[in-house]
Amino acid sequence: MKQLVCCALLLSGLSTMGQTVPAQKDSAKFQELTEVIVISRQASRNKNNNLLSTLDQYLSSHEQVDLIKRGAYAWEPMLNGLSSERSVITIDGMRIYGACTDKMDPVSSYVETTNLSRADVKNGQSGNAHGASIGGSLDLVRKKSGFGANQFATHIFSGFESNNRQRILGSDISYSRNRWYTDFDFTFRKAENYRDGKNQEILYSQFSKFNLSAAAGYKLNEHQQVEASVIYDDARDIGYPALPMDVSSAKAVIASIGYTRHHLSNTWQGWETKIYHNKVTHVMDDTKRPVVPIRMDMPGWSTTTGMYSRIDGKSSRHQFKLTASAHHNRSLAEMTMYPNDPNEKEMFMLTWPDVHTWYAGLFMEDNFQLHRQWTLNSSAGVAFQQHQLKDESGVKSLQIFYPDMQSVKNRLLKNFGSNLQYHPGNWRFSFGASYSERAPSVSEGYGFYLFNSFDRFDYIGNPGLKNEQSFSLNGTVAFATDRFSLKWQGSWFQIRNYIVGMPSPGLIPMTIGAAGIKIYEQVPFSTVYSTSLNASYGIVSGLSVSGKAIYRRGFTNEQLDLPMMQPFSYGVRLQYTSNAFSAEASLDGAVKQSKYSPLFGETAAPAYSIASLGAGYQFKWKKNSFQVRSGVENLFNRYYTTFSDWNRIPRMGRNLFLNLIIGFSEPSKAGL
Ligand SMILES: [Cu+2]
């Protein structure tokens, strides 16, 4: 094992792993602070060997993204080691709130890779354009065929994964003309329970998902266009082996209409306005579990309506962008407990007492070309947020704990930051400092007896929480030639008034078997830092080796370790590509976790290393294209669990996958 780590360390001096790529040099300067995860299957920059893998697997390739796993489905993304309340996930700039009190439905669980072209990651305060965030933002950018190609294209894809017998089937169709385009796609996935490296079946790890998406655009004239889009996502029978409950149904409808105008003047280059609406329904229960102390139903609903308007422009040495956004969300969740004794009355309570969130914000970005090799990126924003509890009985319940509590709470959230970049030759140096604030989440503010199966405490929200304030520093050193690239990144966050659940010994929990009650409180500050190194080297034409190494650490002002922090982790990948053929071999692993949070119920995640192989072949025949990919993940069937596995459930053992993608495209007759 030691040898493996050493070997990985040596090689990690070398890559850009997976499909993570720096934003293109020639694109707008704003892009330089954005990291891009390529998802589109048609893009040559998509380096993921298993093209039909879930979005979660795509996201997990990025150094800044960690995913908390409660099973095989709906992994919860964390940015820069900060929990998901501290960052914002959007779909094409649209805000969506999950409807689960137990974080079983992150925003990323309501889309499919077929819908998306890429994911844009912004770190820290620079991710404040669509919501108050301190960790950063993840925008899932939809795929669209666009105007003008005069062509019809379609793909049919099918996949199989052996370990959990996941079947994947889908299709996309796009039709584009000079004045209009339409895109349509659907994806269906169904998986049984997976097996770990000891060939044990992980019960309740099955899932099925159907996703349908349609989009259309119409060009009003040379510089104006309207676009409409809808996504319908319907997942059923989803097991969460790390939790005591499963989900019988998780549904989302996500719709938007947008208007874009180009070239308003020499200064103002583009203006985009979008209005959107989405509704999420989450039905959580324990009907499939044979033995439970008490039967429970816990459905949740979340509805969000919003808009944003963004204008960008340039003058001699400045490029600037202004985003105004507003949204309203309604979150409601309830719990009904059915005692085993039929003579006892069932118990009902609101776990999210009809919480309404109003948000309106303004965010400005400027890119100033100071000198040929020097650039200064600055941004600042301000937002107003209101929480309002509309359910009378919910307010009364919380008033048991907080007698002076008001049903309305207003907050003002501010952020600003700067990033200085220096580009001498093949080198790039960047250094930034920023400040940002966030409001407590719905659960942190108003959650009522939310059971956490990791530390086994019932959590109660605290409406009196102050805003969290984050001071952050970040730095990048990168070097790139045609054959060799190296990138080091580091970030440091000091978060004041850090929100964390703390045991409250006098109170009695609701959940049978719970260890006690925790109330969300604020510690004076917590510190979280991350560092990563990526390198790649082209050995000969077509053959390259790449590596990465990541480490994160987080602790409070009293030196208490924060949970879910990535221990030193590494990856090495050898890739070969020719025109038609591609192959890769990779090794990923981590050392034993030494910093973890017993207060959160954590135990040290052991060291592991897993190997994977993959190969692909593609060819064209007349108007058709064929693509076959195959591979094996966890080649040696290792039994392992990682720092981000909830309750340390074991991960999947050996898994063979097969992808088949058939495309057909035809230039259509000119018209319209
Ligand atoms: Cu749930």
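Modeller: Rings of Phe, Tyr and Trp (its six-membered ring) pair if their centres lie within 6.5 Å; planes under 30 degrees apart count as stacked, over 60 as edge-to-face and the rest as tilted. By ring pairs, Trp-374, Tyr-422, Trp-427, Phe-429, Phe-479, Phe-484 and Tyr-537 join into a cluster. This is a predicted model: local features need pLDDT of at least 70, side-chain atom pairs count only at pLDDT 80 or more, and totals for chains, interfaces and linings use all residues. Residues are numbered from 1 along each chain as its sequence is written, and side-chain values use heavy atoms, with hydrogens and water left out.

Colleague: What makes the pair of Phe-152 and Phe-664 edge-to-face?

Modeller: Their ring centres are 6.4 Å apart and their planes stand at 65°, so the pair is edge-to-face.

Colleague: Why does Phe-152 count as partly exposed?

Modeller: Its relative accessibility is 25%. Buried means under 20% relative accessible area, exposed over 50%, partly exposed in between (1.4 Å probe, protein chains only). Therefore Phe-152 is partly exposed.

Colleague: What makes the site of the copper ion irregular?

Modeller: Its donors are Cys-100 (SG), Met-104 (SD), His-282 (NE2) and Met-284 (SD), at 2.1 to 2.5 Å. Donors are N, O and S atoms within 2.8 Å of the metal (3.2 Å for Na, K and Ca); water is not among the atoms, so sites may look incomplete. The angles among the four donor atoms run from 78 to 126°. Four donors count as tetrahedral if all angles lie between 85 and 135 degrees; four count as square planar and six as octahedral if opposite donors are over 155 degrees apart and all others between 65 and 115; anything else is irregular. The site is therefore irregular.
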